[in-house]
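Below is a short briefing on one predicted model. Please look over the sequence and the fold before reading the points that follow.

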Amino acid sequence: MAEQNVRKPLLKVEHLSKEFPAEAGMIAGRFSKRVVSAVKDVSFEIYPGETFGLVGESGCGKSTTGRSIMRLTKPTEGSVFFDGQDVAKMSNRELKDMRRNMQFIFQDPQASLNPRMTIGEIISEPMTIHNVGTKEERIDRVRELLDVVGLNPEHINRYPHEFSGGQRQRIGIARAFALRPKLIICDEPVSALDVSIQAQVLNLLKDLQDKFGTAYLFIAHDLSVVQHISDRVAVMYLGKIVEISDWKTLYTEPHHPYTQSLLSAVPVPDPDVQKTRKRIILPGDPPSPIDPPAGCRFHTRCPIAKEICGNEEPKLCEVRPGHFCACHYATINPITETSIEL
């Protein structure tokens, strides 16, 4: 972590917020337009060659954060600096140039590949858009990428439906690496795959990172998946980041009650250890992002919530070097049975 303090971040997200319009309704006897607060005041940094994990329940705003960073959806507030340039203020021309160095791997490999295009056309499309190389050079590059991701280069003229789910995701990975970007946003790239295939794809992503030095924003809801690929991990709840730390500290010494509850649900391979672990069951369901609770957004389900939690929103503060937590009682850390033996 000390090395990161002297390095310049590749991506810097500052107070990012994203709201979507919702149906108008009656609030306190008044007709009012409502919004869905999908992401609220999110800040973090990603350094060159680093994997930054972003985890949380479905619907907490992880994917919206990734899409807002790349301007696939325009942020409502905040700034996103990529290589020192503010993505939110870029023109369409500047945005196109930026996306040469920032690519996206989508969650569903079938929906993200055009069924009417061959995989050769799909993988070469980024190079065509950015006028990289001649047609022959692009074909050679596609064959090289297919070999790198573990597919047969001779299948360059096949269509996506002729491949399995894991193979289709490898095609998506090859497309993302076609321009050799500095950052790839991985939006739950293994959640739609079988467990055995997940491990293969994760190993592939790590091998490609070692080879090309690419940084990842790795979005997932499975903490056990994030553990094996991330350098640092941020935990998100209802649109806000509640804890950030290096992966080892987060998994062994979680401070936020929400992080502790997530870790308590991760199975441990040792049955003797698993029997002694305490599972934290949170009451109720996550509140609606249309009308989030005042104060700490987690206080309605928190097992240690006090009066202050419903009145005052906690700030994301550094509780230990490199370990940040947004909780009024973060330093107390009352639940220790949730830590995972590494």
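**The β13–β14 pairing**

Cys-317 has Cys-325 in β14 as its bridge partner. Strands β13 and β14 (residues 323-325) are antiparallel and share three bridges; two strands count as paired if DSSP finds at least two bridges between them. Helices (H or I, at least four residues) and strands (E, at least two) are DSSP runs, numbered from the N terminus.

In this predicted model, local features need pLDDT of at least 70, side-chain atom pairs count only at pLDDT 80 or more, and totals for chains, interfaces and linings use all residues. Residues are numbered from 1 along each chain as its sequence is written, and side-chain values use heavy atoms, with hydrogens and water left out.

**Sheet**

- The hairpin of β13 and β14 has two residues between its strands, and Gly-322 there takes a positive phi near 80°.
- Eight strands form an open sheet with mixed pairing, in the order β8-β9-β10-β5-β11-β12-β14-β13.
- β8 (102-105) and β13 (317-320) are the edge strands, each with a single partner strand, so one side of each has no neighbour in the sheet.
- From one strand to the next, the twist averages 20°.

- Helix α2 (residues 62-69) lies across β5 (51-55), β8, β9, β10 (215-220) and β11 (232-237), at about 150° to β10. Axes are lines fitted to C-alpha atoms, for helices over the stretch in contact, and angles run from 0 to 180 degrees between N-to-C directions.
- Helix α7 (residues 195-212) lies across β5, β8 and β10, and runs at about 160° to β10.

**Helix α6**

- The 13 residues of α6 (residues 165-177) should span 18 Å at 1.5 Å a residue, and the end C-alpha atoms are 19 Å apart, which agrees. The expected span is 1.5 Å times one less than the number of residues.
- Of these 13 residues, 11 are buried, so α6 is largely enclosed by the rest of the structure. Buried means under 20% relative accessible area, exposed over 50%, and partly exposed in between (1.4 Å probe, protein chains only).
- Among the buried residues of α6 are Arg-168, Arg-170, Arg-175 and Phe-177.
- The buried residues of α6 pack against β8, α4 (119-129), α5 (135-148), β9, α7 and β10; contact means heavy atoms within 4.5 Å.

**Gln-103**

- Gln-103 lies in strand β8 and is buried, with a relative accessible area of 12%.
- Leaving out residues up to four places away in sequence, Gln-103 touches Met-70, Arg-175, Ala-176, Leu-179, Pro-181, Leu-183, Ile-184 and Ile-185.
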